[in-house]
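Please look over the model below. A short report on its contacts follows.

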Protein chains: 2
Amino acid sequence: MYQSLRRNYLLQGGLVALITLILGIIVLFSSETKERSTRSLMSEVMDLENYIIQSVNPFNIRHFLRELTKQPGLGGTAEEMERAEWIAEIWRQQGMDEVHLTPYTVLLSYPSPTQPNLVRLLNEDKVMWESAAKQKPLYAPEEALPSLPYTFNGYAAPGNVSGDVVYANYGRYEDFTLLAEKGINLTSRIVLARYGKIFRGNIVKMAEDRGAVGVVLYSDPADFAPNGSDFVYPHSSFMPPSAAPFGATNLGSGDPLTPFYPAVESAYRIPEEEASLLKIPAQPISYGDAWHILSIMEGEEAPSSWQGGLNITYRLGPGLVHAGWTTHLDVNNANTMATTHNVVGVIKGREEPDRYVILGNHYDSWLLGGMDPLSGTAAMLELSRVFLSLHDETGWRPRRSLVFIGWGAEEYGFLGSFEWTEQFGKQLSDRTVAYLNVDMAIEGNYTLRTKSAPLLTDAIYESAKKIPNPDVDEVAAGRLSVYDTWAARRPDPLEPDIPLMQLIASGSDYQGFQHSLGIPCMDTRYTYDNVVLGEPMYHTLYETFAVVDEIYDQGFHFHTAVTSLWGHLALVFSDSQLLPFSLVTYAEFIMKALANIEDDYGELIASQNISLEHFTDAVQKFNESASSFTKKLNTVDLKNPLAVRHINDQMMMVERAFIDPQGIPGRPHDNHVVTAPSKYDAYSGMPFPGLVDTLIAIKEAPAESHKELWRIFSHHLAAVTHFVNTAGKVLSDDLW
Amino acid sequence: MYQSLRRNYLLQGGLVALITLILGIIVLFSSETKERSTRSLMSEVMDLENYIIQSVNPFNIRHFLRELTKQPGLGGTAEEMERAEWIAEIWRQQGMDEVHLTPYTVLLSYPSPTQPNLVRLLNEDKVMWESAAKQKPLYAPEEALPSLPYTFNGYAAPGNVSGDVVYANYGRYEDFTLLAEKGINLTSRIVLARYGKIFRGNIVKMAEDRGAVGVVLYSDPADFAPNGSDFVYPHSSFMPPSAAPFGATNLGSGDPLTPFYPAVESAYRIPEEEASLLKIPAQPISYGDAWHILSIMEGEEAPSSWQGGLNITYRLGPGLVHAGWTTHLDVNNANTMATTHNVVGVIKGREEPDRYVILGNHYDSWLLGGMDPLSGTAAMLELSRVFLSLHDETGWRPRRSLVFIGWGAEEYGFLGSFEWTEQFGKQLSDRTVAYLNVDMAIEGNYTLRTKSAPLLTDAIYESAKKIPNPDVDEVAAGRLSVYDTWAARRPDPLEPDIPLMQLIASGSDYQGFQHSLGIPCMDTRYTYDNVVLGEPMYHTLYETFAVVDEIYDQGFHFHTAVTSLWGHLALVFSDSQLLPFSLVTYAEFIMKALANIEDDYGELIASQNISLEHFTDAVQKFNESASSFTKKLNTVDLKNPLAVRHINDQMMMVERAFIDPQGIPGRPHDNHVVTAPSKYDAYSGMPFPGLVDTLIAIKEAPAESHKELWRIFSHHLAAVTHFVNTAGKVLSDDLW
């Protein structure tokens, strides 16, 4: 099925001459120094930096992507396993020190192979209309593969329900609140909502909590096809009317049946009815199909901000204009045990093999996965080739171990990665410097988009400054680096001189690393213009190789830029003698977060005679510790390996310090008190979510629950204060 | 109040000449090598070993003990604080690198200063007899100090209750079961039980669970004064009739109001009614007083094994022979917030200051604390003097940091130490090699008694072999070391050639280190003959300096032996290049524990079609990892500091591997799946208590609860299997 790439990547591409030249320099350098363990010369690091950045070959990435996207690879299927073995084989050929597959047997969710999920309009029992079972092939031959699954939402409960439909806009908290204010009860109703603002699981959860019996999700053309129906795939990168985006609806992370423990052979599995899965059916449809419902809806006209891009007047419902018609949802998904695999490849470090820098990307996809995730997989395979070629030619190894991982079944809730962090959490917590995720290398070609733990921010900015800009128009405009375009096109609203760095929240395989273990993480990609609400083909059939190759990234220069950035970060974190963690940035981030809480909720908190004094003290002390530690870094005896190790271990402990083994209030799996994802939207990042979510709840909840909520707030405030104090202490030489 | 000891310890004692000689050798050696960081010569370690062992000065220990025992020092009182400051001052004078006091404001429990707790016999409302409010002074002048508190049990609930008395022997699970079999209901009854076999809190808990309204506790002369009433304190070390042993009844560890978090200034405190404190009153009385009740008890004759040493026939009750008489319990304790302090002194390590070997002893006492704990405190102060004198004279520092700690409020449930492990748990878990506890240096002069994590076993045996035997008769019999007497007088029943090493369970300040953090711990002391059931003066007024100085340890040779052993272990763990952990011993211990479970419960487990196969595999793999790792130790490049660090870090992680952040079933605070204390007796150590306690519960519980219990068993079995697998993995160079 897949071709071996051994010959390809060695011979292909126009950079071979340059690589050879640089290799020559490195070999020369190496033979001069001989004893690598004494190396710490900046000049050499500079050569390595250039080598990594310039060796990434776009032709190889294209080739990898072409091979990977030839068939689907849904988590837990034989096709996923085939991809895993192909990746493993490439890494063996590239010369990894170790290649392993780690299997987990987990609860997955599949549509029926015979009975498609359908949304119907019924007149009494008569079917007046029904949605498409599959998305229509439009361009690439592989879109017509019979092995492609029926349209579904992962873990959506099976069910056969009818009800009056209600339009809920983006299905956000405020959208449901507006419906309630308008007196539109959701009990026994079917909610129709559009994708794009928050995680779909949160939409379904809020609908379920309000008594709805089913949810229909679609992507509105206003958000995903802004230039009209002629300007869509395959003529452009915008979403065609037949696109129905897949996606899982579960709110938890990892295997639903093995909370807290890995889904290994010896695991104990809780009964499925006790798993934290949503109980009502949900189903995605295309906007072409959604038109059939929305165009005949009854009820009040929706507010103007709720109007979408279909040429109709959007109404709230409930119900349809035709008497006797109801909306029907027929979902035939089944949850079933299946085995998914992570593929792990290791380049052992020379001086500190027991310190890990981990690079990860998932390789499972809902359908063909042309961008999500295989653009990232292709980037990872090229990046491993670059590092291993360097090793092959020069004997070079990074100071610390580099671990490359292809994750299985990410789309179902980070199953492969989360189970892995559960299985190896202790060792990972002890030894891991950073986890660098690329879920997809590109979802557009507009600018870089990065989510990060504050500890990694400065290093990412510095690396981005060194990556040549793949956008020729931008280069012509004088913006020579990836950083320059990022700063110009997506500046931080509060500090317009620097690019926007988003807080790492939820949404990909960093979940277990950042939020359970306290390992600083980042996730980067090239993204789309804000004209659309999300990657335009996100989770649809039309995420094909063609859309990447012909529309988004002709020549694969954007892939190359992301790969180079990823590689540069991997080099910096694995090979710098002192870890380039941005302690002061972290402290400033936390100070800002505290100021925001004071601004937004200070009066409310004060009204309860709750003092923020200890919290403020802790934040200030952390700030002082971060500053004085950073100054001290200049005085470290770099020739004393144990002194260097001591300093690095202290920096590594800062992120661990924020982990509360008890979890933040009500969420035992979300342990990071600073960066855990917000309860109201798992995708978004809001600092101190345990505090802020509770304050939001107090503002929204009836008065009789306030006492208990304030108690929860005070308890968590004390916990947060303790952990911020701990973060300050770990940077001190004293414990007490 | 306390004299400074600066001059004393420098000039006193007969060992000065010897010390000077050895110091001379060390100084010579040091000036030759100059660069201490390159030292790893066994010959020098041998010199250090001899120096530590031979420098311990019994006169100094005696002096420290004399000063410490001049007044009481109940946790959280001004007198406790005075002791803390005295210890801190000594450490400053001795030259510690750092000395700190760490305060915790916690819920403590005190008797009323005005209304003593009394047990009464009532005839209708008339008081026919009542127990003593305080223990009678018998010998030492300080026994009469007015500041000594009324007799009480810590955290026993206040209450004024009457009821028919029932005798419950040692208050063990099997004792309560026998009462139930005999149809003796405990509802509304007062339980009278004797101390000595299990932790008193478990007695009260089981009585409370069975409906009793109060508990009276006493120590029976059969167990604590076996040679009759003429042969007791002050004429011997046996317990006099007026001795009423104090002790706390709470089952939890640490401050009852701040579970999981440290009781620092910013802490959140749960309402007292939600704390895990027992609800019924309890009160200790002397056996002289207990006679007044036991001698007039009604009911069936107690079984022969229940008969004690009072010259009466022990009866089960319920009630008394005199019509209209009831037993009355008047407890006026109050729980109140108070501040206790730990005293922390640090000798910073030279090569690895960020690795800690921690030595601890609590310094609070129920009354005068002559043995528990001040014999240990005196030993610690002399040991710190030895290490700091060595540093003073030669500049020597251990490879790793040595941390000496005096804990506050241990008697109330390890409050000082547990809060400290909650406050600094992350750093401690990351950096601590071992915690070496000496709760009391002596509670007798018969043999060494040691509880230990299996990881430390071999090192303790090796150290004990090097400590000169303090018992002249034993030396005359050819048993030259502490080890020899230990092996002769307390052999392992299964391996009679070696001394009995007990598993570390509950009962002192190692609780948080071993069971919450997974830091290997040991606790050692010289103990009594098995003729008595416990330290004969344990927690009574008569634990005086006199009983130590005149009866137990004339010349303080036994103190000296324990101090030397402690010091030798501190040296070995802080200064060996490779940590002397007994991995193979740990693996054998676990294999034996598995075999015991199979022998005792194999059929029962098999009857449920539950397989132990994965667990057995994990145990075997751990055994193989331990063996091959131990072999690999010989091949480590000792000149490569990071390679040595890597190896040591792997060994440190083994104990951490057994920590389940979720806790063992039903006990979120007991996290060590191998060594957590048994549910039925917090003092005793039984491997895999989460499994075994559940199996015991299945054997005892009614059939309708079996399904849920088997489910708990299976779930925990999978968890245990995972953590044993983790322990094997951390010794491997690979993660997966």
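## An aromatic cluster

Which residues of chain A do ring pairs link into a cluster? They are Tyr110(A), Phe152(A), Tyr155(A), Phe246(A), Trp366(A) and Tyr412(A). Rings of Phe, Tyr and Trp (its six-membered ring) pair if their centres lie within 6.5 Å.

## About the model

This is a predicted model, in which local features need pLDDT of at least 70 and side-chain atom pairs count only at pLDDT 80 or more, while totals for chains, interfaces and linings use all residues. Residues are numbered from 1 along each chain as its sequence is written, chains are lettered from A and ligands numbered from 1 in the order in which they are written, and side-chain values use heavy atoms, with hydrogens and water left out.

## Where the chains meet

Chain A gives 62 residues to the contact, and chain B gives 62 residues. Contact here means heavy atoms within 4.5 Å. The two chains bury about 5400 Å² between them, 62% of it on carbon and sulfur atoms. Buried area is the accessible area (1.4 Å probe) that two parts lose on being put together, summed over both.

The interface of chain A and chain B holds 4 salt bridges. A salt bridge is a side-chain nitrogen of Lys or Arg within 4 Å of a carboxyl oxygen of Asp or Glu. Arg645(A) and Asp649(B) form a salt bridge, at 3.5 Å from N to O. On the side of chain A that touches chain B, helix 23 of chain A gives the largest share, 11 residues. Helices (H or I, at least four residues) and strands (E, at least two) are DSSP runs, numbered from the N terminus.

## Aromatic pairs

Over all chains, the count comes to 66 aromatic pairs. Tyr435(A) and Phe513(A) are stacked (planes under 30 degrees apart), because their planes stand at 10°, with ring centres 4.2 Å apart. Tyr435(A) sits in strand 15 of chain A and Phe513(A) in helix 16 of chain A, 78 residues apart. Tyr435(A) is buried, at 0% relative accessible area. Phe513(A) is also buried, at 0%. Buried means under 20% relative accessible area, exposed over 50%, and partly exposed in between (1.4 Å probe, protein chains only).

In chain B, Phe246(B) and Trp366(B) form a tilted pair.

## Salt bridges

The whole structure has 68 salt bridges over all chains. Side chains of opposite charge can pair when their charged atoms come close.

Glu89(A) and Arg92(A) form a salt bridge at 3.1 Å, N to O. They are 3 residues apart in helix 5 of chain A, so about one helical turn separates them. Glu89(A) is partly exposed, at 35%. Arg92(A) is partly exposed, at 45%.

Arg66(B) and Glu142(B) also form a salt bridge, at 3.1 Å. Arg66(B) lies in helix 4 of chain B and Glu142(B) in a loop, so the pair ties together parts 76 residues apart in sequence. Arg66(B) is partly exposed, at 23%, whereas Glu142(B) is buried, at 9%.

Asp523(B) and Arg449(B) form a salt bridge at 2.4 Å, N to O. Asp523(B) is in strand 18 of chain B and Arg449(B) in strand 16 of chain B, 74 residues apart. Asp523(B) is buried, at 1%. Arg449(B) counts as buried, at 10%.

Conventions
Rings of Phe, Tyr and Trp (its six-membered ring) pair if their centres lie within 6.5 Å; planes under 30 degrees apart count as stacked, over 60 as edge-to-face and the rest as tilted.
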